[in-house]
Amino acid sequence: MIRFEHVSKNFSGHSSALSDITVEIKDGEFVFLIGPSGAGKTTFLRLLIRDQLPSEGKVFVDDWEIGTLHKSRIHLLRRKIGMVFQDFKLLMDRTVYENVALGLDILGKKQEEIDKRVLEVLDLVGLSDKHNLFPLQLAAGEMQRTGIARAIVGAPSILLADEPTGNLDQQTASDILTIFQQINSLGTTVIMATHNAGIVNDLKKRTIALKKGVMVSDEEKGRYRVSPKVKEKKSHEDD
Amino acid sequence: MIDIAWKHIRRSPYQAFAAVLSMFLTFLLGGIFFLTTVSSMLVLYYFESKPQITVFFTDKASADDATSLEKTLENSGKVASVKYVSKEDALAIYREQNKNDPLLLEMVTADILPASLEISAKDPKFLQELEPVIKEASGVEEVVYQKDVVDTLLMWTKAVRGIGIILASLLALDSILITMTIISMKIAIKRDEIDILKLLGASPWYIRGPFVLEGGFYGAVGALVAWCIIAGLVVWLRPFLLEFLGIVPTLESVLASPTSKEFLLSVGGFLGGLLGTGFLLGSFGSIVALGRYLKIE
C-alpha cells in the first residue's frame, strides 16, 4: 500500500513541486498520474523511490516511512519497486539479456535462476528473439520493453512508470500498455505517469490529476480532459 | 563483482597500466628498502648477541689471572655471561675459520694466540662501570669493545630505515593519489550506470565493490611485478650477498641455496606480504575516491 499524508515538496528558488497531497493507493491497483509538464508527476514518483525527500508530510510504502528510512535500507525499498523511465535508462554496452539480468544480479540470485527468470520475462514483453542484441540495435518500443522487463524481473510489488510511452508511437504505446495491464493482473500495483490522453481514456482506470503540484482530481474511472489550448496546439502539430 | 571489476580494467588499459606502474615503483623501492632494513637489523642483532667485550691476556698471564677476573666480574652482578677462551680454544677457532687455507694453519700454534675472556653485560650501561675493573686486572693486554661496531651498524641501519620509510611513504602516497584519480575518473564516466544501479536497488557494496577490487588489483599486480624483480635480483646476487651477510646464521641459512626450504619460505612470505600490502594500498585509494565522489543514497 502507498500513502501520501499532506505531502509537500519544495525546491529552493522554485514554487512547490507538490503541495499538500494526501492520497492512498491500495495493493494491486492500476493508477494513472496525469497532468501537464511541471505538474509534479515525476516528483510524486521520485518520492516513492526516495530519490527525493518530502519537505512536509509523510510518504509510506507498505509500512516504511520514506522520510525516516535509514540510508542503509534505501536499496531494500527500491527492490520492492520497479521503475520504468521515458528515456529507458538502459546500459548501452550490455545486451538486452544483460540489462534485464542486472535486476536479478543485484539481488544476488544464482545464474540458473537468472537465466530462467530473464527468459520468462523477455517472453512476457515479446523480446525472446532479441535477447542478444544491444539497445542501439533496437527500436524505441523494444528498448522500452527491455526497460519494463528489467523493472519487473525481480518481481516487485509496485511498478512505477514515468511517461513510458512518451517517446513511442500510438501503436507501440498501446502494446506497452497491454504489458502493464498483464503485469497488473498478476497483482503488481502499477502507477503510470503519462501525457497520453488516449490510453488513459481507453483504459478507464483510477486517475489522479495534478496541476502545478496540487491534486485537482482523483477519479475511479478517470478521463484525461485535454484543455482547448492543448487540443488546438495538437491539431496544428497533426496538420 | 570480480567480472565487473575485470571489465572496468580491460576497458581502460592505459589507466590500468599507469596505476600498476606507479604501484610497481612503490613496491620495488619499498621492497628493496624493506629487505635492506631487515638484513641490516639481523646483522645488528647478531653483533648485539656477540660478547660485548673481549679481553685478551698477555702471554705471561696465567689461567689464574683469567679466573680471578672472571670471578670478580661475576660477583659484580653486572655481567650476563663470561666465557674463558684458552690458547688451545683460540687455536681451534682459528683452525675452523681457516680450514680451507693450509698455509695459514701451518704457521700458527697455540703459543702465539692470546687467551681471552668474552664478556656480555646484563645491560650496555654497565659497560662503563666494568671498564676500569677489567683494565686494572692483572695480565690484561687488550680490551676490544663490540659496542663500536654495533654503534656504527646501528647508525647505518637507522639511516637506511629512515630514508626507506620516507621514500616508500612518498611513493605510497603517490600511488594512492594516482589510484584515486583513476577511480574518480571511472566513477565520473560511469555516473549514469551508477545512477541506474541505485534506482534498481543495488546495494552500496554492489556498486562500490568493483571499484574497490579494481584498486586492489592495481596494487596487487604492481606488488607482484616488483616481487618478481626483487626475487630475481636476490637469486642473481645471492653469492655476493652470502659473502658479506653469511656471517649471520639466519641469513646464511636463507641464502645458502635458492631451492632450500628457508629461502622458499622467505620469498613466499615476502610475496604474501607484498601482495597483501599492495591490495590494501590500492583498495584504500579506491575507497578514498568513493568516499569523495560516490555518495550512495
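Let's start with one pair of residues: A:Arg3 has A:Glu24, in strand E2 of chain A, as its bridge partner. A quick word on names: helices (H or I, at least four residues) and strands (E, at least two) are DSSP runs, numbered from the N terminus. What you see is a predicted model, where local features need pLDDT of at least 70, side-chain atom pairs count only at pLDDT 80 or more, and totals for chains, interfaces and linings use all residues. Residues are numbered from 1 along each chain as its sequence is written, and chains are lettered from A and ligands numbered from 1 in the order in which they are written.

Staying with chain A, strands E1 and E2 (residues 16-25) pair antiparallel, with 6 bridges; two strands pair if DSSP finds at least two bridges between them. E1(A), residues 2-10, is also joined antiparallel to E4(A), residues 56-61, by 5 bridges. There, A:Ser8 faces A:Glu56.

Now over to chain B. In what order do the 4 strands of its open sheet come? They run E2-E3-E1-E4, with antiparallel pairing. At the edges are E2(B), 79-85, and E4(B), 140-145, each pairing on one side only. From one strand to the next, the twist averages 15 degrees. (Axes are lines fitted to C-alpha atoms, for helices over the stretch in contact, and angles run from 0 to 180 degrees between N-to-C directions.)

E2(B) and E3(B), residues 116-121, share 6 bridges, and B:Ser81 sits opposite B:Ser120. Finally, helix H3(B), residues 63-76, packs on this sheet, touching E1, E2 and E3 of chain B. Contact here has C-beta atoms, placed from the backbone, within 7 Å. The helix direction makes about 170 degrees with that of E2(B).

Technical notes:
Contact = placed C-beta atoms within 7 Å.
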